[in-house]
Amino acid sequence: MEPHVALLPSAGMGHLMPFLRFASMLASRNCKVTLLTAQPIVSAAESNHLNSFFSAHPHIQRLDFHVVPLQSSNPHGDPFFLQFEAITRSVHLLPPLLSSLSPPISALFLDFAAATCVDQLADDPSLSISYYILSTTSARFFSLITHLPNLSLERSCENLQLPGLPSFSISNIPPPLFNPENLFTTQLISNARAISKVKGVVSNTFHWFEAETIGALNSGKISITLPQFLPIGPFKPYEGHGKCSHLSWLDEQPAKSVVYVSFGSRTAMSKDQIKEIGGGLLKSKEKFLWVLKSVKVDKAEEIEIEELVGRSLLEKMEEKKSGIVVKEWVKQEEILAHPAIGGFFSHCGWNSVMEAAQRGVPMLAWPLHGDQRFNAEVVEKAGLGLWPKHWGWLGERVVKSEEIEEKIEELTHNHKLRSMVQKVSKEAAQAWEIEGTSEKVLGQIIEMLKLKV
């Protein structure tokens, strides 16, 4: 009998996309899948992707989960973090919703951002199911946040050493984690405390890419008790979500001649920094496809490209036919798979890292916030890209066009890097071959789910 599992993503495209891919992977392995969608949805990109996903996957059930809105005293609070909080505050609404499913579910996979829900759900007598976390970050960053409840972080030292794990550079730790009152910090600590109650942690990474950290997490030699860490990446893209509108322009470009520039679905940069990036791209003389954002939530996106980049810069781009600038959600995995793409200038969000590894695209990493410096460390160590550490966090300084030009040129002309990136891509593919590490672990997950049926 096929297992029936429910999945609960939180907010933001960086969290939603791994869940959609994982849902598709489970459904392709004869699992019945129900995807819970927290309402109201924060961004238009999430809403559009959910609609197209369910149209393409009619066998996957949609179940809306209406959360209790969280009224923030800070009107400038991050709407995605506020949604994380609203989901966990609404956990009491989940048991009757989950109990209504037929056939009964055997497991619930929650976003790490909602892991604290397990504390209450595990004690509910109406539910007799297993709980799993789906981690949307690197194993490296996950290994730090699991220890947060027992840490007192200090800026005074250079490195943090935790038993059984490679040491952490203090400069890579997100600044909010040094403030115990910050919402980002309190949420991470609360969610980390709940991890001991789950059966496993599924992760979009693969063994070769983070072998040392994954080995440590599953060794039993670290100072805390953790459930099994289950790496099954890179997650496979799902079929049937339309074509990217910019592929026709890429079709006209020579192989490996275009640098794709994107800093994620939630990164809003200053106009000064945007103009420096544009200047650096022009000076590099490389072709580029640049995806631009000026606000965190796309529903509030009102500023025109000309105002953000500047008319003179846009005119120069047009005159030199050097590239295109767009200000809408793009199908990144299709862009990275295109033969014209020769490099990826990225914030190092984990989905972006895995997509670049899968497609063999060298990265220029500029981590801007959150887990991204940890992710960039993994990228650099694995040979997937370059990381100019002195560029700092978002807003620490304006990185000048000359610096960007220099690194873009290094990205596109570094033959040693290109060779290493092909090795990464080969290992990513082998993880999914018969007896590959990710293929075997996904098989183990399916067998665990069947035991509960």
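**Side-chain contacts**

Tutor: Start in helix H17 (residues 415–430): Lys423 and Glu427 both lie there, four residues apart, about one turn of the helix. Helices (H or I, at least four residues) and strands (E, at least two) are DSSP runs, numbered from the N terminus. This is a predicted model, so local features need pLDDT of at least 70 and side-chain atom pairs count only at pLDDT 80 or more, while totals for chains, interfaces and linings use all residues. Residues are numbered from 1 along each chain as its sequence is written, and side-chain values use heavy atoms, with hydrogens and water left out.

The side chains of Lys423 and Glu427 meet in a salt bridge, at 2.7 Å from N to O. The criterion is a side-chain nitrogen of Lys or Arg within 4 Å of a carboxyl oxygen of Asp or Glu. Lys423 is partly exposed at 40% relative accessible area, whereas Glu427 is buried at 14%. Buried means under 20% relative accessible area, exposed over 50%, partly exposed in between (1.4 Å probe, protein chains only).

The structure holds 15 salt bridges. One of them joins Glu355 and Arg21, again at 2.7 Å, N to O. Glu355 lies in helix H14 and Arg21 in helix H1 (residues 13–28), so this pair ties together parts that are 334 residues apart in sequence. Glu355 counts as buried, at 7% relative accessibility. Arg21 is buried as well, at 4%.

Glu435 and Lys440 also form a salt bridge, at 4.0 Å from N to O. Glu435 is exposed at 57%, and Lys440 is partly exposed at 41%. Shared partners join Arg21, Glu333 and Glu355 into one salt-bridge network.

Now the rings. A search of the whole structure finds 18 aromatic pairs. Rings of Phe, Tyr and Trp (its six-membered ring) pair if their centres lie within 6.5 Å; planes under 30 degrees apart count as stacked, over 60 as edge-to-face and the rest as tilted. Phe22 is buried at 0% relative accessibility. Phe109 is buried too, with 0%. Ring pairs link Phe22, Phe109, Tyr132 and Phe235 into a cluster.

Charges also sit over rings. The charged end of Arg155 lies over the ring of Phe178, 4.2 Å from its centre. Arg373 lies over the face of Trp393, at 5.5 Å from the ring centre. The test asks for NZ of Lys or CZ of Arg within 6 Å of the ring centre and within 35 degrees of the ring normal.

Last, the nonpolar packing. The largest nonpolar core has 63 residues, and those with the most contacts inside it are Phe209, Trp290, Val309, Phe345 and Leu384. Helix H14 (residues 350–359) gives this core its largest share, five residues. Another core lies apart from it, with 62 residues, among them Phe80, Leu127, Ile189 and Ile224. Such a core is a set of buried Ala, Val, Leu, Ile, Met, Phe, Trp, Tyr and Cys residues joined through side-chain atoms within 4.5 Å. Beyond residues up to four places away in sequence, Phe345 touches several partners, including Val259, Phe263, Ile277, Trp366, Trp391 and Ile408. Contact here means heavy atoms within 4.5 Å.
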